[in-house]
Amino acid sequence: MASELQRFNAKRVLFITDRGVHAAGLTRPLEAAVPQGCRLAGVYSEVMQDPTAQLMDELGNRCRDEGIDALVAIGGGAALDAAKGAGLVASHGGSILDLVGEDKVQRPPITLLCIPTTAGTGSEVSWHISVNDTERHLKVTVRSPLAVATTAILDPQMVASVPPAVAAAAGMDALTHLLESYVGNVGRWEMTDALNLHGIQLVGDSMLPYWKNRGDERHARSMQIASCIGGLALSHSRTGIVHQMARPLGAKFHVPHGMANAVLLPWCLAVTATRDPVRFARIARALDSSAPEDDAAAAAGLADTVHRMNKTMRVPSSLAAFGVKEAELEDLAVDALQGKPAVTNPCAVSLEEVVGIYRNALKGEAHG
Ligand SMILES: [Fe+2]
């Protein structure tokens, strides 16, 4: 971090994090490592779960008012996205909401170092920022190759102290990014294919060992790289039905993003994996080298493989764990299909099928 701040000639730096990361003491060694010639303007530690446009605007304006020329974001996807948004407001003025949409960003953020403390979102390298527009009650996105951190720093020690449930949710979020990017119909190409299959292989090798022992540097590093690859690939392609269905669970039941994806992923795969057996079979074999050579059999077994991973990591198999009730499934399904065009899915998924997937996920029948 110190050498990067020097390389970009930073004079005044603000740290951005959340309460949990701050309380865990992860920022302290970094505070002590701010190099000579650069002043620490403060540590902002109040980033919330879905960072708001208002927060990004406040932090960006603070940079402009106080002459802050660099940001260091330490945390999960929320802290990183908050800092990415703030960095753009600092370099553009106005509001982050002015930059929502495709390619509205005119210039990069002020110097921004992203240090992830979970291995999941890939936000440290992705070209998009999730913004919570609280006035319109919407989650909106800034998408641009310029909406990126200046530098991403992956340090296995920063992901060594996360609780097991967070490690599981983050890891399954990374797997979902890699998988949905690989099978999606928008923006995928040979480079994302290569990246995604390698990322999925890293998850297959390291997800469970990392979950069991987060201090294991080799597996922690592999999960960080897998997460990072997912962020890079998603910058070209898009997420699909799992993320679409996870979104209303976050909005209505406050299920954390990664956990919602983790619970839904096997149930979605049970419906989608057999519709493109060749690609899903490649995923199955990358995730588990003992998967069948026959494409149809490998694709059909993928949901069970993911169920088993979830079960090992104590991810609930049922949405009932989050207070979801049968009567709400129809509304959730309507909401899930509204946000994004269905073209980003590997195959068309009807409203009835989405209700059916939610229903199966609510029943939580045992698999594997
Ligand atoms: Fe995600």
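Okay, let's start with Asp 103: this residue is exposed, at 52% relative accessible area. Exposed here means over 50% relative accessible area, buried means under 20%, and partly exposed is in between, with a 1.4 Å probe and protein chains only. Before going on, some ground rules: this is a predicted model, where local features need pLDDT of at least 70 and side-chain atom pairs count only at pLDDT 80 or more, while totals for chains, interfaces and linings use all residues. Residues are numbered from 1 along each chain as its sequence is written, and side-chain values use heavy atoms, with hydrogens and water left out.

Back to Asp 103. You'll find it in the loop between strand S4 (101–102) and strand S5 (111–116). When I say helix or strand, I mean DSSP runs numbered from the N terminus: H or I with at least four residues for helices, E with at least two for strands. Now, what is the phi of Asp 103 near? It is near 55°, a positive value in a residue other than glycine. For background, most residues other than glycine have a negative phi.

His 137 has a phi near 55° too, again positive in a residue other than glycine. That one sits in the loop between strand S6 (128–133) and S7. Is His 137 buried or exposed? Exposed, with a relative accessible area of 71%.

Val 142 has a relative accessible area of 0%, so it counts as buried. Leaving aside neighbours within four places in sequence, Val 142 is in contact with a list of residues including Leu 88, Ile 96, Leu 99, Trp 127, Ile 129 and Ala 147. Contact, by the way, means heavy atoms within 4.5 Å. And if you want a sense of distance, Val 142 and His 177 are 35 residues apart in sequence and 18 Å apart in space, C-alpha to C-alpha.

Another buried one is Thr 27, which counts as buried because its relative accessibility is 1%. It's in the loop between helix H2 (19–23) and helix H3 (28–32). Setting aside residues within four places in sequence, Thr 27 is in contact with Phe 15, Thr 17, Val 21, His 22 and Ile 74.

A quick word on annotation. UniProt, in an unreviewed entry, places the feature "domain: Alcohol dehydrogenase iron-type/glycerol dehydrogenase GldA" at residues 2–156. UniProt positions are in the numbering used here, feature names are shortened, and annotations may be inferred rather than shown by experiment. Over residues 2–156, the chain is 30% helix and 25% strand, and the end C-alpha atoms are 17 Å apart.

Now for some helix packing. Take helix H6 (residues 164–183) and helix H7 (residues 190–212): their axes come within 9 Å and cross at roughly 160°. Axes are lines fitted to C-alpha atoms, for helices over the stretch in contact, and angles run from 0 to 180 degrees between N-to-C directions. So H6 is roughly antiparallel to H7. The cut-offs are under 35 degrees for roughly parallel, over 145 for roughly antiparallel, 65 to 115 for roughly perpendicular, and oblique for the rest. The crossing of H6 and H7 is left-handed, meaning the near helix is turned anticlockwise from the far one by less than a right angle, with clockwise being right-handed. Among the residues making this contact are Ala 167, Gly 171 and Leu 175 of H6 and Asn 196, Ile 200 and Val 203 of H7. How do the residues of the contact of H6 with H7 divide? Into 14 nonpolar, five polar and one charged. Nonpolar covers Ala, Val, Leu, Ile, Met, Phe, Trp, Tyr, Cys and Pro, charged covers Asp, Glu, Lys and Arg, and the others, Gly among them, are polar.

H6 also packs with H9: the axes come within 9 Å and cross at roughly 135°. That makes H6 oblique to H9. Here Asp 173, Thr 176, His 177 and Glu 180 in H6 meet Ile 241, Val 242 and His 243 in H9. By class, that's two nonpolar, three polar and two charged.

Asn 261, in helix H10 (residues 257–272), touches some of those residues: Asp 173, Thr 176, Val 242 and His 243 are among its contacts, not counting residues up to four places away in sequence. Asn 261 is buried, at 0% relative accessible area.

Last pair: H9 (residues 241–253) and helix H14 (residues 351–363) pack at about 65°, with axes 12 Å apart. So H9 is roughly perpendicular to H14, and the crossing is right-handed. Ile 241, Met 245, Pro 248 and Leu 249 in H9 meet Val 354, Ile 357 and Tyr 358 in H14. That contact has seven nonpolar residues, no polar and no charged ones.
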